[in-house]
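User: I have just opened this one and would like a walk through it. Could you take it slowly with me?
Analyst: Gladly; here is the entry we will be talking about.
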Amino acid sequence: MAEEPIRGEQIIQPDWAANATKSANELDAAIQKLIAHTGVLAKSNLANFANNDPKNTDDINAQTKAVEQNTKIEKQNIEAKILAAQVNKKIKDEIQATLSSYSRLSLEYRKAAQAAKDLAAADILQGKAFSEATKEAINKAAGLNNQLKTIDQSMGNYQRNVGNYHSAVGNLAKGLGGLTGVVTLLGTALGINTDALITLKDTTRELIKFSKDLSHIKHLETIVEVESTVAHEANTIAVVSETVAVENATIAQKAWNYVMSINPIALLITSVALFAAGIYQLVTAETEAEKAQRKLNEAQQVGALNEAENVSYVKEKIEDLTAIQSLRIRQMKADGASETEIYQQKVKDIVELQDKYHELRLTLEANRDAESLVMNQFKKGSEEYTSHQKNVISMNRELELLKITQSETVVTTSELTKSFKDLNKEVTDSWKEMDKWVDEALKGVKTADEIKKSIADSLEDLKAWNEEQAKRREGIVIYDEEAKGVRKLSTEYDRLNKTKAGLIGGESGSGKALTDKELENDKKKNEEKINAAKKLSEQLFKIAEDRIKREQELNKQNITEIDKGIDQQLQLLIAGQKNTYDFMLRQKAKALEEQAALDKKARKEKEAQQIAELFLEFMKVNAKDGFGAAAKSLAETLLAKGLAGGLSGYYEGTEDTGAGGGLDTKGGMLAVLHPHERVLTAKQNAAIGAISNDDLVKSVMHYKIPTEKNSTVVDLQNSILISELKELNNTIKNKKELEVNWNRLNEIILTNKQNGYSVETTYKNSPIIKRNAPFN
Amino acid sequence: MKSIITKLLLIYIKLVEKNQLKKCYTSIDDLPVFYWRKIQETNNLSFLIKSEIISLNKKQPSKIQLIILSKLWKSIFDEYLKMFGFAENFIEIFRKINERETWRCRMIIENNKSHQNFINMCDIELEAMKKSNNEGINFYETKAFIESEMHIQIDELKTSVAQFYSYIKLAQSKQANGRGTN
């Protein structure tokens, strides 16, 4: 048994590897200290995460600090585990190094012991004493064994000194620094990740505890086996010895009785014979005891030291007693005691020896009891082992179930996460869709705003146009006054013509010569008429000049307004909105043309005025001589030219000729027409309404309204406006309208309206995601 | 010597603070919502300083200014919270962080790594909640919502923070009531 190879369990012997044990202690202390430290910190920090809602920024800051603190604690915890791993590695290395050298020594011993045994067996079979080689081999094996014993003893392992199992086992957990140390060391040595073991919490702890118990039971089993073997052997020896001793004692008693009852000589002879026989038996018993001692020694070598020592002790006592008895007999002989006394003493000694054997028997019975106790313990241990084994199976099942549950939890978690992600995506998509709707709605609002603005602009334009028209009408009133002046001039012109005709030849046919006085009177009359005509002419040209100036001013104002309009429309054009930029540009071009025409007209007026003045001056100079044919021709040409210059206002066209004149009963007045112009009646003009000639042309060109149907349209501008309003109505009606509402459960309700239909969608609250109005 | 310098520095800061505060918005009643938004977008507290010219960008305040303005911003923000409280989704995030940290503490105290599963779940949820919060309605959408609901035009530079958030509250309650009666 002593030569058994080193088993796996031995690596967890307490002091087998002192350095490793020390490291394990350090590790355990460090882990416990750090875990305790981080645990206390985490516990104190836990209070900071009470489920109170934040009230102000201090609460937010407090949470941020507590989170930082938690991170630090976690970091410390991780560092502790890293340290543990480092120490684990150190222990593992040390154990491996030690195990390696010890194993080599052990192997060498086993080889030497086997060689010694083989040599000894050969010698015994040959029936001769041990040879030198055998002795040498035995000594070598013994030396190696002693070395191993020394190592074991120095490390607290008494396996080779059988008998100290209990204390060895008792020191097991203590030496390794408690359960954690055992687990860590065992885990390290076996290459198990102890962190993973610890993670399994209580189950793992139970398993570890069980491992310890199992290990303990295995050791107990070994001890029980060894102790049982030793006790059995000792018992057998003791029983044999007892039987022999009892038989001897009986014979000695009988002999004694016989000697005492028959005669002293016979008694003496018989006693001597019996004594000799008793001695022989005693020697035999001693031999048996020696044999038992040897067996015990052998047993001691395999691990039953205590009992073997007991047997040895008994043997020594018997030897001592025998020696004492021998000495006593010698002393009695020396003292001259009689033979009878000596024999009696010897018999007493035999009885004493018998008592000693009896005492030995009692001791062995005690050993049997001890064995029985050990057996019971073993049985109990076995039962415990069975129970633990059942527990292990049960725990394994639970562990399997736990693993399955964990797998299910992982699957459920992943499913939940997936569902959650899907839900999140769905909600996000819904929000994106809603955002699109909102964008569209906003665009719709924007378009509607643009249309409204365009209408407002159009209305403003219309208003401006109306104002312009009003101003024009004002101008027309002024023009009417001028026309009246012109009519007067025309009347005067007719009268002058008649006078002229009279002067030149119309009355020459009478053949009547005028006297000087009459001529003088005529001259005066002519001069008066010319002066009157001059005054009238001046007034007329002044009126015409004022009118042109006013027209020019109006046109300038019109150009300014158009410029403003152009700026506005340009902005709309840049913004990509609906505009009338081109139209405004055309308007401006027209206004500029009109301006140029007015300038030209003003120049002609001036020219006509100068000519008229010249003519009148000429007439004045020739008034005393009368108006000749040249004067007549000149007058006709110049005056006609001058009047024509003043009356050419409709070349550009007009929307309204004003109040009219007094040329006929219908309010007729002078006007100059040009080729291919259109003249409408007052009734037709009234039917068209207040619309400019340009707009009229544009409307006719643009909308292609047949002339026959035109009579039903009261106001084309209004028709355009109505058309635009209809368009706007359709746009607004067909536009998507989106409303976002919240109900009392704070759920989002989307209402989508289009073409008179309304669709409502309610978004139920997610347990995780809620959307409220943003605040930060 | 060090304490004297510290005291002098504190006196100087107080003096600067007194002068600085005269030029700053000090309450949600006078801080325009435009600058409120700019501060939150840019983290630049210089927008708390009043200026005659409307500027979209401002340089970061000096260190002393930053101390003063941080204090001021805290008081303004607390005033806002007192009046309107935190948004529900923010509180949800706050609670979720508390839950996660509780699991972390328990993992350390009980030395039980299985709690890491719960921590991971909390992290996933938090990530989703934060993403959702970031993708929420922006300022202009909120403004449009108020304008459409209240039929008013909001001038960012003239509307104070208190007014703006009161409008939101009112518009929400108006909409909720309208919806409720339907």
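User: What share of the contacts in chain A with a separation of 6 or more comes from residues 24 or more positions apart?
Analyst: Residues 24 or more positions apart account for 72% of those contacts in chain A, where two residues are in contact if their C-beta atoms, placed from the backbone, lie within 7 Å. Please keep in mind that this is a predicted model, in which local features need pLDDT of at least 70 and side-chain atom pairs count only at pLDDT 80 or more, while totals for chains, interfaces and linings use all residues. Residues are numbered from 1 along each chain as its sequence is written, and chains are lettered from A and ligands numbered from 1 in the order in which they are written.

User: How much of chain A is buried?
Analyst: Of its 776 residues, 20% count as buried; a residue is buried if 20 or more other C-beta atoms lie within 10 Å of its own, exposed if 12 or fewer, and partly exposed in between, with C-beta atoms placed from the backbone.

User: How many helices and strands does chain A have?
Analyst: Chain A has 16 helices and three strands, both taken as DSSP runs numbered from the N terminus, with helices being H or I of at least four residues and strands being E of at least two.

User: In what order do the three strands sit in their sheet?
Analyst: They form an open sheet in the order 1-2-3, with antiparallel pairing, and two strands pair if DSSP finds at least two bridges between them. The edge strands are strand 1 (737–742) and strand 3 (757–763) of chain A, each of which pairs on one side only.

User: How many bridges join strand 1 to strand 2 of chain A?
Analyst: Six bridges join them, and Val740(A) has Leu750(A) in strand 2 as its bridge partner. These two strands form a hairpin with five residues between them, and Asn746(A) in the turn has a positive phi of about 65°.

User: And what about strand 2 with strand 3 of chain A?
Analyst: Strand 2 (residues 748–754) pairs with strand 3 in the antiparallel sense over seven bridges. Ile749(A) stands opposite Thr762(A), and Gln754(A) stands opposite Tyr757(A). Two residues lie between the strands of this hairpin, where Asn755(A) takes a positive phi near 55°.

User: Is strand 3 of chain A largely in the open or buried?
Analyst: It lies largely in the open, because the number of buried residues among its seven is zero.

User: Switching topic, how far apart are the ends of helix 11 in chain A?
Analyst: The end C-alpha atoms of helix 11 (residues 516–574) are 84 Å apart, which agrees with the 87 Å that its 59 residues should span at 1.5 Å a residue; the expected span is 1.5 Å times one less than the number of residues. Helix 11 is followed by Gly576(A), whose phi is positive, near 75°.

User: Why does Ala112(A) count as buried?
Analyst: Ala112(A) counts as buried because 20 other C-beta atoms lie within 10 Å. Ala112(A) belongs to helix 2 (residues 57–126) of chain A, and, leaving aside neighbours within four places in sequence, is in contact with Ala137(A), Lys140(A), Ala141(A) and Leu144(A). The C-alpha atoms of Ala112(A) and Lys140(A) are separated by 6.7 Å, although the two are 28 residues apart along the chain.

User: Over to the cores: which residues have the most contacts inside the largest nonpolar core?
Analyst: They are Leu31(B), Leu48(B), Leu72(B), Val161(B) and Phe164(B), in a core of 20 residues. A nonpolar core is a set of buried Ala, Val, Leu, Ile, Met, Phe, Trp, Tyr and Cys residues joined through C-beta atoms within 7 Å. Helix 2 (33–42), helix 3 (63–84) and helix 7 (161–181) of chain B each supply at least two residues of this core. A second, separate core of seven residues includes Leu496(A), Ile530(A), Ala612(A) and Leu616(A).

User: Which residues are buried in helix 5 of chain B?
Analyst: Glu125(B), Ala128(B), Met129(B) and Ser132(B) are buried there. They cover an arc of only 100° around the axis, which puts them on the same side of helix 5; the arc is that of the directions from the helix axis to the C-beta atoms. On the other side of helix 5, Asp123(B), Glu127(B) and Asn134(B) are exposed.
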